[in-house]
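Q: Hi, could we go through this structure together, one topic at a time? I'd like to begin with the ligand.

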Amino acid sequence: MNTVPDTIILAADCPTTALEDNFPIVQISELGEQESWRKEINRPIYHIHKWWATRLGSVFRAITFGALSPPRTDIWAQFYERHNLAGKVVLDPFMGSGTTLGEALKLGAKAIGSDINPVSTFLVRQAFTRVPESTLRAAFARLDSSVAPAIRRYYQTRDPKTGNLIPVLYFFWCKTVTTPSGEVIPLLSRYVFAQDAYPKKKPRAQIVCPHCWELIEDRYDTTAISCPHCAHRFNPQEGPAESQHVRASGGVRYRIKDLLPADGSPLGHRLYALMALREDGEKVYLVARPEDHALFAEAEERLQAESLPLPTLAVRPGHNTDQARGYNYLHWRDFFNSRQLLCLGMLLRAILEIEDEAVQEQMLCLFSSTLEFNNLFCSFKGEGTGAVRHMFSNHILKPERTPLENSVWGTAKSSGTFSTLFESRLLRAKRYLDEPFELELQRDLTGAKRGTRKTVASAPLDVAHVATYDDLLACDRAVMILNGDSARLPVPDTSVDAVVTDPPYFDFVHYSELSDFFFAWLSPVLAQRYPWMQRPDSSDKGEVQHKDPRVFARQLSRVFAECRRVLKDNGVLAFSFHHSRAEGWAAIYEAVTNAGFEVVAAHPVHAELRGASPKNATKNPISIDAILVCKKRTMVEQRLSEKTAVDEAEELVSRLESSGYRVSSSDRFVVLASQLLIPLSRQELDFEFVCNEIQRAAQQIVPADAQKAARR
Ligand SMILES: C[S@@+](CC[C@H](N)C(=O)[O-])C[C@H]1O[C@@H](n2cnc3c(N)ncnc32)[C@H](O)[C@@H]1O
């Protein structure tokens, strides 16, 4: 019968793991929040390459430790201890960037990770492969002398002050449209093209004159300028582009999409400024001069003459890909200009000449990372920041009207280039394997936070890479990194101690549509070596991803059912989830229960940077994940509790708030919905009923804005 009793049934009477009875939500949330500010520095192995929606290492350390420890273990008291959970096996069926794997291995357990996406499998393999720093440095030095000079040649300009050639850090471009009468209009919404990230503090900005295209330095908010070069008077805050439209000089307004080139190519571009690096280290803005245009033309010409390993993959239709296809980005190589294609192609060709396969793949991974910051979808973040806003800052594929062209090889003052990412991503990740550390919050006598310190709490991550479950058992420390649909795992029944994962959230990230950007470069060069790189693109029909929550639930349930098969009877399946809509939670209800699990506990913890989930980025961000702890249905002992899910949710929220953690109304909804899954998952209910039940309960403790979102 579809009713939920007022006095609800809570968690199992006889927990078999520490994760079921208590979880240090406050301490782990504080730590997770600290980690999230600089994830790529605090957990560099999971940031060796772009992946979307990576989870926090400290949160997953606590979950994994709890899932492998007996009941009543004080997870927080032992968080910074060295553990050796040898003999335990942890599975992540949605491994992404490998967060669960790394945390399980650091605890001394063995880990199995599987992902359907070939880019994920490739990057996780690279992340956990040890290659001595000296070997990588030697390979880098060889590239530096063989191919770097040819690349650097295309990133230089003449300093008007000295007449010497100096390196270019960034080229500033804007898209252009051509009206039916032949007028070429730049798609600039402002003529201020570079300002500080904190302009009120540092108001100096760079402005381009729309008449003579010379550069002017003035305040970022100035509204009237007379160009010192041509005396043209204009308002730098008003460019011809406005939202989806552009204004021609006669005042006629056009829809930008109506002015796409008739031959099916993307819009044209105009190079108008550069930022270069003077010999004394000063960064200087320069207007693009004929010599700079000629250098680009030379790159264009050379690209035609060279035979380079460039992508040929078409951009397939899809949710995100249509954002780019709508502007005639029909092939992945269209995402790059000719100079980028030439320099990236030359770099890739040189990497492919590295004979040592392990070293070559590390460099390939670094090369692929570099792509994210070197394409026409990047833009300028502003001075005083990392400068380059990479193409996936919003998990979408929206063409950039004012692309920033970074330099592929880079200088010591660059960011997002091959040479700087070598140090900041690749070597940092390798060092983490040797000395994996945890962040520890420092406090003063009053308990207030006073910074962080790094504490080494694990043995070096020196593990064998194995291909079969038997080999996994045979090795002391080992990881098995798989590619494939986790609904069919090459793992025996009841052989895994815990499943710890972070599934896709049905309408959030369209992983394979985005990963095709990298796959287009990697697949042609790795297909001979790895069968899973031989596909037409990085998608697979088994991918859990659907905008219909019921379909999503069925897809997820297939994988959870496989997890149930391989999980030991007293083990837990623990996964993170958040969603602003009731139907997202109803989908989880269906996936869990149809796979034969019940939810026995739900712990709210800090998830990502506030506002980092794009769909809720603005007013009411979700920054809490619920950690849902599930057990096989037959294993759950039931007991009655006096507390309702609403009471439990209120108590959890006040625990977080009284520690100073800011809980938004969307967060409150996440806490409540996850608590409701505990009693709901004990019963056979239909999707609609679960949705209604969650919405009904939300009326009691969730503010109106989040209630409204839940109903959408
Ligand atoms: C939310 S991400 C995991 C992120 C990960 N927790 C991290 O920290 O990087 C979900 C992953 O599930 C993968 N995936 C989707 N369907 C799958 C399936 N049927 N089998 C295996 N992996 C799948 C996606 O490719 C994606 O990498």
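Q: How far does a polar side-chain atom of Thr99 lie from an oxygen atom of the ligand?
A: In this model, which is a predicted one, a polar side-chain atom of Thr99 lies 2.7 Å from an oxygen atom of the ligand. The protein covers 99% of the 610 Å² of accessible area that the ligand has on its own.

Q: How many residues surround the ligand, and which are the closest?
A: The ligand is surrounded by 24 residues, and the closest of these are Arg55, Ser97, Thr99, Asp115 and Tyr511.

Q: And what do Trp51 and Ser486 contribute?
A: Trp51 places a polar side-chain atom 3.1 Å from an oxygen atom of the ligand, whereas Ser486 uses a backbone N or O atom, which lies 3.0 Å from a nitrogen atom of the ligand.

Q: Which residues does Thr100 touch?
A: If we leave out residues up to four places away in sequence, Thr100 touches Phe60, Val90, Asp92, Val500 and Thr501.

Q: New topic: in the largest nonpolar core, which residues touch the most other members?
A: That core has 249 residues, and Phe335 and Met363 are the ones that touch the most other members. Helix 15, covering residues 511-526, gives the most to this core, with 10 residues.

Q: What does Met363 touch, then?
A: Again leaving out residues up to four places away in sequence, Met363 touches Leu136, Ala139, Phe140, Leu143, Ile351, Ile354, Phe418 and Phe422.

Q: Let's switch to charges: how many salt bridges does a search of the whole structure find?
A: The search finds 45 salt bridges. One of them joins Arg153 to Glu298, with the closest N and O atoms 2.6 Å apart. This pair links distant parts of the chain, 145 residues apart, since Arg153 is in the loop between helix 8 (148-152) and strand 4 (156-158), while Glu298 is in helix 9 (residues 290-305).

Q: What about Glu361, which residue does it form a salt bridge with?
A: Glu361 forms a salt bridge with Arg529, and the closest N and O atoms are 2.8 Å apart. Glu361 lies in helix 12 (residues 357-371) and Arg529 in the loop between helix 15 and helix 16 (549-566), so that this pair, 168 residues apart, links distant parts of the chain. Glu361 is buried, at 6% relative accessible area, but Arg529 counts as partly exposed at 28%.

Q: And where are Arg565 and Asp493?
A: Arg565 is in helix 16, and Asp493 is in the loop between strand 23 (478-483) and strand 24 (496-501), 72 residues apart. Their side chains meet in a salt bridge with an N to O distance of 2.6 Å. Arg565 counts as partly exposed, at 29% relative accessibility.

Q: Last one: which residues are linked in a network of salt bridges?
A: Arg43, Arg61, Glu103, Lys106 and Glu438 are linked in such a network.

Note on methods: Residues numbered from 1 in each chain as written. Predicted model: local features only at pLDDT ≥ 70, side-chain atom pairs only at ≥ 80, totals over all residues. Heavy atoms only, no water. Contact = heavy atoms within 4.5 Å. Core = buried A, V, L, I, M, F, W, Y, C linked by side-chain atoms within 4.5 Å. Buried < 20%, exposed > 50% of the residue type's maximum accessible area, 1.4 Å probe, protein only. Helix = DSSP H or I, 4+ residues; strand = E, 2+ residues; numbered from the N terminus. Near = heavy atom within 4 Å. Polar contact = N/O pair within 3.5 Å; in protein donor to acceptor, adjacent residues only side chain to side chain. Areas by Shrake-Rupley, 256 points an atom, 1.4 Å probe, with all protein chains shown as cover. Salt bridge = Lys/Arg side-chain N within 4 Å of Asp/Glu carboxyl O.
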